[in-house]
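Subject: Structure handover

Hello,

Here is the structure I promised to pass on. Please open it beside this email as you read.

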Amino acid sequence: MTKPLTGKVALVAGATRGAGRQIAVQLGAAGATVYATGRSSRSGRSEMDRPETIEETAELVTAAGGDGVAVVVDHLVPEQVRDLAARIDAEQGRLDVLVNDIWGGDPLVTWHEPVWKQPLDAGLRMLRLAVDTHIITSHFVLPLLIRRPGGLVVEIGDGTKTYNDENYRLSVFYDLAKVSVNRLAFAWSHELKPHGGTAVALTPGWIRSESMLEHFGVTEENWRDGAAKDPHFLISETPAFVGRAVAALAADEDRVRWSGRSLSAGELSQVYGFTDVDGSRPDAFRYISEVVDAGRPADVTGYR
């Protein structure tokens, strides 16, 4: 099997679970060495208080055919990120792909409340986790990435720029976080251009993360049963789908054509031909705009 990313080095910042974990795995499946970072490890949990660990992610990367390296990092602590960059430099001497997937804000979100009724400390903490971490990481890591032309930065968020520009995301803090991530990719594209680099914002659709499966009371094997709770759940996708989108971008020699843009996994699947694990190509944000937001009955025909 061809592994187009053999010899390439990637950092997936925020790879403990969900999209980050499968982005790391799919980069590994394409042959990359992947440094997977997060706060939850076998030595202790983060404030997310979930069972997934960064060591498990690295093991999955290696099992997929890459070389997974787990590093426990709090990306809000500059010294830890500086040391991470120094370690990658010492061990690899290069970095080809940076994926900023750091989030950790789920327990902090309050939905459907105006700002004066929002818990202020929780909201500001979420912004730090969602935005400051990405800037801190880029500050220390991009000098390594720009040593060679062709570096790729992927900012993972929720919602394309078009969608987020037109829709309030039901919490001022969440809204600002997701708009900011898209804007960071635009900023990085300008800063990387003189060095031959590419930066994009990328969103999955309705992702069946570990916590989402738990919320719907299903497993990946019987996930369609979640439609009893919300019939639109049938448009959902596995985290591997966005992982394959990142791997496709990283393997594309002409990826600079996307630089500065906000993209979705569903959109890229139509261009690169990759599928979700069930062979489908869910186009979630087109579905959300044309079906969910339009108040139409759930029907994924033509959307996956």
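First, the ground rules. This is a predicted model, in which local features need pLDDT of at least 70, side-chain atom pairs count only at pLDDT 80 or more, and totals for chains, interfaces and linings use all residues. Residues are numbered from 1 along each chain as its sequence is written, and side-chain values use heavy atoms, with hydrogens and water left out.

**Helix H3**

Helices (H or I, at least four residues) and strands (E, at least two) are DSSP runs, numbered from the N terminus. H3 covers residues 78-92, which is 15 residues. The expected span is 1.5 Å times one less than the number of residues.

Val 81, Leu 84, Ala 85 and Ile 88 of H3 are buried. Buried means under 20% relative accessible area, exposed over 50%, and partly exposed in between (1.4 Å probe, protein chains only). Seen down the axis of H3, the buried residues fall within an arc of 95 degrees, so they line one face. The arc is taken from the directions from the helix axis to the C-beta atoms. An α-helix has 3.6 residues a turn, so residues three or four places apart point the same way.

What do these buried residues pack against? Their partners are strands S1 (9-13), S2 (33-38) and S3 (67-72), plus helix H4 (120-145). Contact here means heavy atoms within 4.5 Å. After H3 comes Gly 93, with a positive phi near 70 degrees.

**Salt bridges**

The whole structure has 23 salt bridges. Each is a side-chain nitrogen of Lys or Arg within 4 Å of a carboxyl oxygen of Asp or Glu.

One joins Glu 47 and Arg 125, with the closest N and O atoms 2.6 Å apart. Glu 47 sits in the loop between S2 and helix H2 (54-64) and Arg 125 in H4, so the pair ties together parts 78 residues apart in sequence. Glu 47 is partly exposed at 39% relative accessible area. Arg 125 is partly exposed too, at 28%.

Another pairs Arg 224 with Asp 278 (3.7 Å, N to O). These two lie 54 residues apart, Arg 224 in the loop between helices H7 (210-216) and H8 (239-251), Asp 278 in the loop between H9 (265-272) and H10 (284-292).

Arg 261 and Glu 267 also meet in a salt bridge (3.4 Å, N to O).

Best wishes
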